[in-house]
Amino acid sequence: MFVVLGAAFAVGALGYELGDLLDMGPGYVPLVLGLVLALLGAICVVKAYVAPDTPGGTSPGTPSSEEDDGAAVDQPDLRPLAGLEWRPVVAIAGAIVFFALTVDGLGVIPSTFGAVLLAALARDGVSWRRTLVIAVGLTALCWAVFVLALQLRLPLFGDWLGG
């Protein structure tokens, strides 16, 4: 995923003027970041296939089978997504998609707040009081950084809320 996204950003950046290191154009930073992301993704893929097994020659958490003499022998689980926990993946991806689809219509403040609440669903046993405090804090931080400090012209409350 990192390789594909990084390559896509790098290719997209080629449509802009690149400039050079001392006089960067608008495509320079996206090109470099896209290439770095693709490189990191490639390193992760290589490391996943080259990394040595854990002691005993199996992956942690794999089921074991019994041999004829009754001794347990661990067998590696060869399914590529066997150990993946889907709840965090879906919750975090859903939070990102929610933010992307609603930031224009709802505005920065409600979209950030909602995305944090959705991301909190990634873990079991999360206190809703703590989640609300974190959501308020991150929303305030986003407002301070992007609207106040960087002076981006983002709507605080969008058209869907009459803003």
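Stop 1: Select Q151. This residue sits in the segment after α5. Bear in mind that the model you are viewing is predicted. Look at the backbone of Q151: its phi is near 55 degrees, a positive value in a residue other than glycine. Is Q151 buried or exposed? Q151 has a relative accessibility of 62%, and over 50% counts as exposed, so Q151 is exposed.

**Stop 2: the whole chain.** Zoom out and switch to a cartoon view. Walk from the N terminus and the order of elements is α-α-β-β-α-α-α. Now colour by pLDDT, the predictor's confidence in each residue. The chain average is 85, and 82% of the residues score at least 70. Which element has the lowest mean pLDDT, and which the highest? Strand β1, residues 64-66, has the lowest at 49, while α4 has the highest at 95.

The chain exposes about 12100 Å². Carbon and sulfur atoms supply 69% of that area. Of the 163 residues in the chain, 20% are buried. Contacts tell you about the fold too. Take those in the chain with a separation of 6 or more: residues 24 or more positions apart account for 46% of them.

**Stop 3: the start of the chain.** Select L18. You are in the loop between α1 and α2. L18 has 27% relative accessibility, so this residue counts as partly exposed. Show its surroundings. Not counting residues up to four places away in sequence, L18 touches A13, D23, M24, G25, G27, Y28 and L31.

Next, select P30, which is found in helix α2. P30 is 12 residues from L18 along the chain, and their C-alpha atoms are separated by 9.4 Å. Leaving aside neighbours within four places in sequence, P30 is in contact with F9 and A13. P30 counts as partly exposed, at 30% relative accessibility.

**Stop 4: helix α2.** Select residues 28-50. This is helix α2, with 23 residues. From its first C-alpha to its last, α2 reaches 33 Å, close to the 33 Å expected at 1.5 Å a residue. Which residues of α2 are buried? They are L31, G34, A38 and G41. Check the spacing of those numbers with one rule in mind. An α-helix has 3.6 residues a turn, so residues three or four places apart point the same way.

**Stop 5: helix α4.** Select residues 108-119. This helix, α4, has 12 residues. At 1.5 Å a residue α4 should span 16 Å, and its end C-alpha atoms are 16 Å apart, which agrees. Highlight V108, P110, S111, T112, G114, A115 and V116: these residues of α4 are buried. What do they pack against? The partners are α3, residues 86-106, and α5.

**Stop 6: a charged pair.** Side chains of opposite charge can pair when their charged atoms come close. How many salt bridges does a search of the whole structure find? The search finds 1. Select R87 and D124 to see this salt bridge, with its closest N and O atoms 2.1 Å apart. R87 lies in helix α3 and D124 in the loop between α4 and α5, so the pair ties together parts that are 37 residues apart in sequence. R87 is partly exposed, with a relative accessible area of 42%. D124 counts as exposed, at 60% relative accessibility.

**Stop 7: a nonpolar patch.** Select I134, L138, L141, V145, F146, L150, L152 and L154. On the surface they form a nonpolar patch, with about 650 Å² of accessible area together. Pick out F146, which lies in helix α5, residues 128-149. F146 is partly exposed, and its relative accessible area is 36%.

Note on methods:
Residues are numbered from 1 along each chain as its sequence is written. This is a predicted model: local features need pLDDT of at least 70, side-chain atom pairs count only at pLDDT 80 or more; totals for chains, interfaces and linings use all residues. Side-chain values use heavy atoms; hydrogens and water are left out. Patches are made of residues with over 30% relative accessible area and no salt bridge: like charges are joined within 9 Å, nonpolar side chains (Val, Leu, Ile, Met, Phe, Trp, Tyr) within 5 Å. Accessible areas come from the Shrake-Rupley method with a 1.4 Å probe; for residues, only the protein chains shown count as cover. A salt bridge is a side-chain nitrogen of Lys or Arg within 4 Å of a carboxyl oxygen of Asp or Glu. Helices (H or I, at least four residues) and strands (E, at least two) are DSSP runs, numbered from the N terminus. Buried means under 20% relative accessible area, exposed over 50%, partly exposed in between (1.4 Å probe, protein chains only). Contact means heavy atoms within 4.5 Å. The expected span of a helix is 1.5 Å times one less than its number of residues. pLDDT is the predictor's confidence in each residue, from 0 to 100.
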